[in-house]
Amino acid sequence: MRLLYFILPLLIFVNTSYAQDKFDIEENDTVKKLAPVIIITQQQSPDRMPETKDNVLFSGKKNEVLKLSNINGNLTNNNAREIFARIPGVTVWENEGSGIQINVGVRGLSPNRSWELNTRQNGYDISSDVFGYPEAYYNPPLEAVETIELIRGGSSLQFGPQFGGMLNYVLKRETKKKFSFETQNTVGSYGLMSSFNAIGGKFKKFSYYVYNHSRSADGWRENSDYTVRNSHVFVEYRFTENTKLSAEYTNMDYKMQQAGGLTDEQFNNDSRQSFRERNWFGTPWNVFSINFDTKLNDKLTSNTKLFGLIGERNSVGFTATPNIEDAINQATNNFANRRVDRDYYKNFGLENRNIYKYKIGKINNNLAFGVRLYKANTQRLQDGRGTTGSDFDLSIEGRFVRDLDFTTENVAVFAENQFKVTDKFSVTPGVRYEYIQNIGEGRFGISGGTDIAFPNKTISRSQPLFGLGLEYKFRTTNIYANITQAFRPVLFSDLTPPAVTDLIDPNLKDASGFNADIGYRGTFKNYLNFDFSIFYLSYNNRIGGIRQFVNNDPTQGTFIYRTNLGETVNKGIEGFANLNITRLFEIEKPYGNLDFFASVSFIDSRYTDFRIFSTPSAPNFTITETNLSGNRVENAPRYIHNFGLSWTNNNISATAQYRMSGRIFTDANNTTTPSANGVTGILDNYRVFDLSTEYKFLKNYNIRVGINNLFDEEYATRRSSGYPGPGILPGEGRTFYISIGAKF
């Protein structure tokens with residue numbers, strides 16, 4: 001019966017959408033010819049990286065490349081659930097439906113603004129601070145993206161130490177025509193309006209690409225309207241066939257109303273409701289890059305990127321938990337003053353990457369090596385007393401309670417060498433050396449009008465990382481294995497205790513560990529694309545708080561001592577398969593291409609050791625210690641499965657996909673019963689069904705239609721204890737969109 005519910009809507013959708021293009025007529029003096037019918041096929045996705053590309057060595061690493069032109073999905077709203085469906089083990093947080101922030105994680109790691117991943121655009125950093133605050137407030141509009149590259153834990157040697165790996169958005173470019181124009185215009189549910197427009201071209205030694213993307217909507221939930229604009233400029237000059245220089249600049253600005261979280265009772269009564277009208281969020285963002293590529297000779301190629309980021313994070317709102325009403329005070333006849341928080345980011349960096357090809361005997365080998373220089377500054381202003389109004393007003397009364405300044409400096413060198421033992425078997429050892437220094441200073445609080453200084457803190461460390469990759473090639477398949485060390489530097493939030501009485505361990509260590517995976521991947525004939533693997537991720541030195549008595553005196557209260565407390569282990573199975581059914585039975589000529597794809601993952605994420613401490617109360621005044629050993633890691637589902645059917649024939653394509661995600665604990669204590677404020681408690685598993693289709697006509701035009709969450713499933717992917725609003729954050733119900741585009 002469930003299978004019927006899955007297949008029936010697809011058949012209805014496909015049959016009602018099917019249309020046939022008219023033949024174009026070609027004429028000459030003697031003969032009239034009908035142009036042949038071209039069956040447009042979508043390549044099996046995801047693709048995989050070659051051994052080397054763009055001066056990066058990929059041999060022995062688990063990686064996936066999504067070509068978005070081959071994927072049907074809601075690109076307008078950056079629907080990560082659809083776009084990442086073909087990559088196993090990707091957790092998606094759906095805070096709201098705008099898609100402005102893409103929240104993805106892998107292998108049971110937190111999806112919060114993709115902060116366990118090294119997030120990049122065209123190969124350079126786009127997150128706030130890669131080491132101190134690695135949250136990606138900016139992501140490019142997916143209508144402007146050509147491919148998405150995801151390199152798992154084995155990427156830490158060439159890209160940096162994050163446990164999740166490297167996520168890179170590669171933007172579109174026009175490389176053939178002198179001038180091209182592309183437009184895609186979308187309307188949809190709840191006031192959605194979007195317009196993407198781009199021009200690009202290549203003339204002699206110059207090439208360029210410029211786009212603007214503007215989108216707005218009222219939002220599926222109450223109090224969740226938004227406006228966002230993305231603009232991008234790219235220019236390139238090619239000195240010779242082997243040497244080129246390019247520059248690019250991206251600017252984003254958005255204003256988003258935050259509907260806030262809900263208690264479980266509120267969620268069950270009506271998940272669309274909101275009790276926060278005065279909460280807003282915005283992040284003006286600027287990223288830029290200068291890129292130099294050259295081929296020095298047949299053996300050595302080099303790439304150098306100079307990049308930077310200037311951005312802000314701005315929020316204003318009433319941030320209490322959802323069981324506390326944001327109501328007018330009868331005594332003042334006004335709402336409560338809102339809280340204002342602001343961050344300012346200035347980051348600059350340089351990366352140089354090289355590939356040196358050489359022979360041992362008659363076999364080619366590859367050496368990848370490079371260097372990275374990086375400096376980032378964050379000014380953090382928090383706890384400002386905002387207005388009692390309702391609009392996006394960041395003005396405050398007096399001063400910010402906290403005014404902190406954080407600086408990160410980083411120098412890294414790396415090398416990986418692919419030794420080819422035979423033409424089929426290669427061994428790739430590697431090493432990366434990181435020097436990182438974090439400096440914190442400023443005002444931590446205000447008491448009685450007097451500033452409380454933040455104790456100047458400098459953490460410097462040198463960290464070597466080692467890794468080893470193996471790959472054995474058959475004809476069209478290969479076996480790969482990789483084990484690579486990783487670490488996560490101490491974050492700014494770890495250096496900033498919640499209360500002025502709390503203390504930070506002066507010997508606080510970075511989280512450390514390793515990623516290991518082994519798998520079998522490739523293609524079989526022309527109808528099967530697959531990748532199956534197992535993984536093991538060790539995450540040591542997690543940071544937590546030890547509760548202690550002030551001056552060892554129970555009558556004076558307690559404080560939190562933040563230090564390294566424990567370890568988690570994530571292990572599991574990841575699998576992907578794409579079967580082209582019509583090619584298998586050799587019937588694609590009359591029926592087109594019918595693909596069935598499945599990405600499955602089973603994840604076991606547990607604490608193996610993590611101490612926690614109770615809050616004492618009268619009359620006993622006893623602090624008790626327990627251990628989370630055996631508990632499941634919060635926000636890590638035990639399984640994530642995606643199944644889909646995709647059909648392409650002539651100029652029409654349609655995709656139906658079904659996502660299943662397991663239940664999650666939302667706190668490390670594995671609390672099952674929901675709290676009254678909605679912040680803790682288990683979240684149930686969910687099932688979401690999406691449909692999307694595209695019809696191309698008159699060579700240059702397209703119509704895209706889609707329905708997300710077809711069966712209007714009521715679900716939630718996360719609970720929040722702070723921004724974007726404490727409590728349950730519901731996933732969106734049924735929505736639809738229709739889009740018309742052209743490219744000349």
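Where is the place of D712? In this predicted model, D712 sits in the loop between strand 35 (701-708) and strand 36 (716-720), with strands taken as DSSP runs of E of at least two residues, numbered from the N terminus. Residues are numbered from 1 along each chain as its sequence is written. As the model is predicted, local features need pLDDT of at least 70 and side-chain atom pairs count only at pLDDT 80 or more, while totals for chains, interfaces and linings use all residues; side-chain values use heavy atoms, with hydrogens and water left out.

D712 belongs to a negative surface patch together with E222, D270, E277 and E714. A salt bridge here is a side-chain nitrogen of Lys or Arg within 4 Å of a carboxyl oxygen of Asp or Glu. With a relative accessible area of 39%, D712 is partly exposed, a class that lies between buried (under 20%) and exposed (over 50%), using a 1.4 Å probe and protein chains only.

F602 is found in strand 30 (residues 593-613) and is partly exposed at 46% relative accessibility.

Aromatic contacts come next. Rings of Phe, Tyr and Trp (its six-membered ring) pair if their centres lie within 6.5 Å; planes under 30 degrees apart are called stacked, over 60 edge-to-face and the rest tilted. The count by this rule is 30 aromatic pairs. One of them joins F474 and Y520 edge-to-face, at 6.3 Å centre to centre and 90 degrees between the planes. F474 lies in the loop between strand 24 (450-473) and strand 25 (477-488) and Y520 in strand 27 (residues 511-524), so this pair ties together parts 46 residues apart in sequence.

Y686 lies in strand 34 (residues 686-697) and Y715 in the loop between strand 35 and strand 36, so parts 29 residues apart in sequence are tied together. Y686 is buried at 5% relative accessibility, and Y715 is buried at 3%. Finally, Y133, Y137, F281, W285 and Y345 form one aromatic cluster.

Key:
Patch = residues over 30% accessible without salt bridge, like charges linked within 9 Å, V, L, I, M, F, W, Y side chains within 5 Å. Areas by Shrake-Rupley, 256 points an atom, 1.4 Å probe, with all protein chains shown as cover. Lys, Arg positive; Asp, Glu negative; His and termini not counted. Charge placed at Lys NZ, Arg CZ, Asp CG, Glu CD. Helix = DSSP H or I, 4+ residues; strand = E, 2+ residues; numbered from the N terminus.
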